[in-house]
Amino acid sequence: MPGEEGLADVTVIGDRIAAITPAGTVSADSDFVPAGLNSAGLALADFAFTETAPAETIDADGRWMIPGLWDGHTHFTQWASTFGRLDLLAAGGAREAMAMLRDHLAAARRSPAGLDPHAIVVGMRFRHSLWSDDDQPTLAMIDEASDGQPVALSSADMHCGWVNSAAARILGVQVGDSGLVGELEWFDAYARLGDANKAEQFRLIDMAERDAASKGVVGICDYEMAYAIDQWTERFAHGLDRLRVRVGVYPEYLDRAIGEGWRGGDEISGSRGLAHVTTLKLISDGSLNTRSAYCSHDYSGITPPTRGTLSYSPDEIARYMGLAHANGFDVACHAIGDEANHIVLDAFERSGATGAVEHAQLLDPADVARFARLGLTASVQPQHAMDDRDVIPRYWADMIRDDGLMPYAFRSLHEAGVPLRFGSDAPVAVLDPWVAIAAAVYRTDDDRAADDPGQTLDIRTAVASSTFGRGYRPSVGDPADLVLLDADPFTLGDPATGSAEALRSMPVAATMCAGRWTHFTL
């Protein structure tokens with residue numbers, strides 16, 4: 001069996017890895033003596049579960065083992081809601097998107113459940129920044145296609161919406177001839193789109209958790225734009241417990257959380273140690289696709305000229321960070337434009353807060369070293385680099401060519417000693433760590449050559465960036481969060497022996513979270 005360590009037996013006691021020993025040293029009818037090995041086998045033969053002696057042995061048949069995977073940035077309720085919603089990612093223009101909407105509405109009306117004519121139909125992931133100028137959204141177009149049914153469509157980056165007149169009235173938003181709703185107003189409107197009843201919400205969350213576990217995911221950072229503490233308390237009480245959850249709190253809810261006695265790191269009641277309130281989630285600027293990411297120079301080809309917008313003033317960002325830090329919260333601060341990143345780094349330094357910069361999409365090379373000096377994590381979404389590869393030269397070309405700014409500088413950050421944390425920003429990208437890992441290693445998700453190949457990462461770094469600090473190999477004493485794979489990820493992630501497509505499609509045989517199987521096909 002190829003690999004660095006060869007075949008091994010792995011013993012789990014409770015929710016911890018108790019030992020990793022050479023294959024054949026643990027059997028179901030022998031006493032268990034911890035071997036104390038601290039090297040982690042990547043391939044394994046047997047998997048023993050024990051309290052005082054092996055009680056159950058699983059023959060993993062030489063499959064590959066890695067630590068459990070995390071998605072470091074999700075909007076989990078919104079991601080769960082995509083199960084069954086209209087997906088417009090493939091639409092090449094507004095007219096094609098409306099054809100897809102008509103088909104979706106027709107199918108819903110023919111379904112056994114029918115379609116409530118008063119319910120808002122929600123669609124996801126349209127990318128109008130890539131559509132031609134003569135095929136852009138209009139209010140008249142979506143009104144005609146929806147035929148009176150309330151419809152609200154969210155852009156791929158979730159920073160704007162396209163709604164018809166009926167949905168605009170329900171949501172209380174103002175729309176002009178384009179039918180588009182700007183990002184700050186859209187954030188509020190989107191949070192009100194939870195049109196499923198509680199039972200339906202639980203069903204969708206259950207589906208999303210099962211889907212995540214089937215991809216090797218054991219934990220998520222949830223930055224849902226709601227008071228997610230209450231959401232996760234209800235979910236664990238309902239038995240939705242397949243994932244570890246780090247719950248984020250937005251600035252508008254921070255005073256409430258502190259007033260209720262929450263401090264960073266506190267456990268969610270009923271989660272049995274799986275969920276904690278950990279993080280202040282801040283948004284400092286907009287996005288590339290809506291040309292609102294805050295940059296130091298003008299966007300290319302935009303009239304009137306724009307450098308994007310800040311969501312909060314620099315002083316407000318630092319103040320929120322200081323309040324969070326004083327109450328034990330770490331900080332996850334969205335920053336996409338280079339100037340937003342610079343301002344956010346300043347705020348971390350001024351406030352003494354710890355945590356991560358979310359996205360870090362466009363950076364001044366001088367700020368890369370500041371990430372490392374400040375001890376910050378770069379929480380990045382590698383698939384966004386693939387989604388944006390045609391948008392970057394359209395809007396950031398001048399900044400990159402003339403000013404030396406770097407988009408999606410994963411290798412530069414890694415080589416500077418900055419910890420990377422991979423995520424999806426689901427539903428902006430699919431919640432699948434193998435998609436992120438493949439994007440980071442190969443920098444392509446189609447038949448084109450790698451985009452900016454100097455910023456690719458090796459497969460071990462990419463896997464380690466997906467395990468929330470546990471590296472790419474299990475170790476004795478680690479939590480029993482483990483994944484069994486039907487293929488060798490290090491072969492598939494080597495450009496000499498693998499491919500982006502094969503790595504993205506990694507077959508997961510089983511997932512264990514806290515010593516309990518959450519996905520099992522052996």
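This is a predicted model: local features need pLDDT of at least 70, side-chain atom pairs count only at pLDDT 80 or more; totals for chains, interfaces and linings use all residues.
Five residues of α9 are listed as buried, namely Ile317, Ala318, Tyr320, Met321 and Ala324. The background is simple: an α-helix has 3.6 residues a turn, so residues three or four places apart point the same way. On the face turned away from the buried side, α9 carries the exposed residues Asp315 and Ala326. The elements that cover the buried residues include helices α8 (251-259) and α10 (338-351), together with strands β15 (275-283) and β16 (330-335). After α9 comes glycine 328, with a positive phi near 85°.

In soluble globular proteins, nonpolar side chains tend to be buried together. Leaving aside neighbours within four places in sequence, tryptophan 396 is in contact with Leu288, Ala293, Cys295, Tyr299, Ser300, Ile336, Gln361 and Leu362.

The loop between β15 and α9 contains threonine 309 and also proline 304. Proline 304 is joined to threonine 303 by a cis peptide bond, with omega about -5°. Threonine 309 counts as partly exposed because its relative accessibility is 40%. Not counting residues up to four places away in sequence, threonine 309 touches Glu183, Ser284, Asp285, Gly286, Ser292 and Tyr294. The C-alpha atom of threonine 309 is separated by 9.4 Å from that of glycine 337, although the two residues are 28 apart along the chain. A cis peptide bond also joins alanine 426 and proline 427, with omega about 15°. Proline 427 sits in the loop between β21 (420-422) and α16.

Two loop residues other than glycine have a positive phi. Arginine 272, in the loop between β14 (266-267) and β15, has phi near 55°. Arginine 272 is exposed, with a relative accessible area of 55%. Phenylalanine 468, in the loop between α17 (459-464) and β22, has a positive phi of about 55°. At 26% relative accessibility, phenylalanine 468 counts as partly exposed.

The strands come next. Strands of a sheet pair through backbone hydrogen bonds, either parallel or antiparallel. Strand β23 (residues 508-513) is mostly covered, with six of its six residues buried. β23 pairs with strand β22 (residues 482-485) in the antiparallel sense over four bridges, and leucine 485 stands opposite valine 508 of β23. β23 also pairs with strand β24 (residues 516-520), again antiparallel and over four bridges. Here alanine 510 has phenylalanine 520 in β24 as its bridge partner. The hairpin of β23 and β24 has two residues between the strands, and alanine 514 in this hairpin takes a positive phi near 55°.

Another part of the chain forms an open sheet of five strands with mixed pairing, in the order β7-β8-β9-β10-β11. β7 (86-87) and β11 (180-181) stand at the edges with a single partner strand each, so one side of each is left without a neighbour in the sheet. β7 runs parallel to strand β8 (residues 121-126), to which two bridges join it. Aspartate 87 stands opposite methionine 124 in β8.

How many disulfides does the structure hold? It holds zero. Cysteine 333 is in no disulfide, and the nearest cysteine sulfur, in cysteine 221, is 15 Å away. Cysteine 513 has its closest cysteine sulfur in cysteine 221 too, at 13 Å, which is too far for a bond. Both residues count as buried: cysteine 333 has 0% relative accessibility, and cysteine 513 has 1%.

Key: Residues are numbered from 1 along each chain as its sequence is written. Side-chain values use heavy atoms; hydrogens and water are left out. Buried means under 20% relative accessible area, exposed over 50%, partly exposed in between (1.4 Å probe, protein chains only). Two strands pair if DSSP finds at least two bridges between them. Contact means heavy atoms within 4.5 Å. A disulfide is a pair of cysteine sulfur atoms within 2.5 Å.
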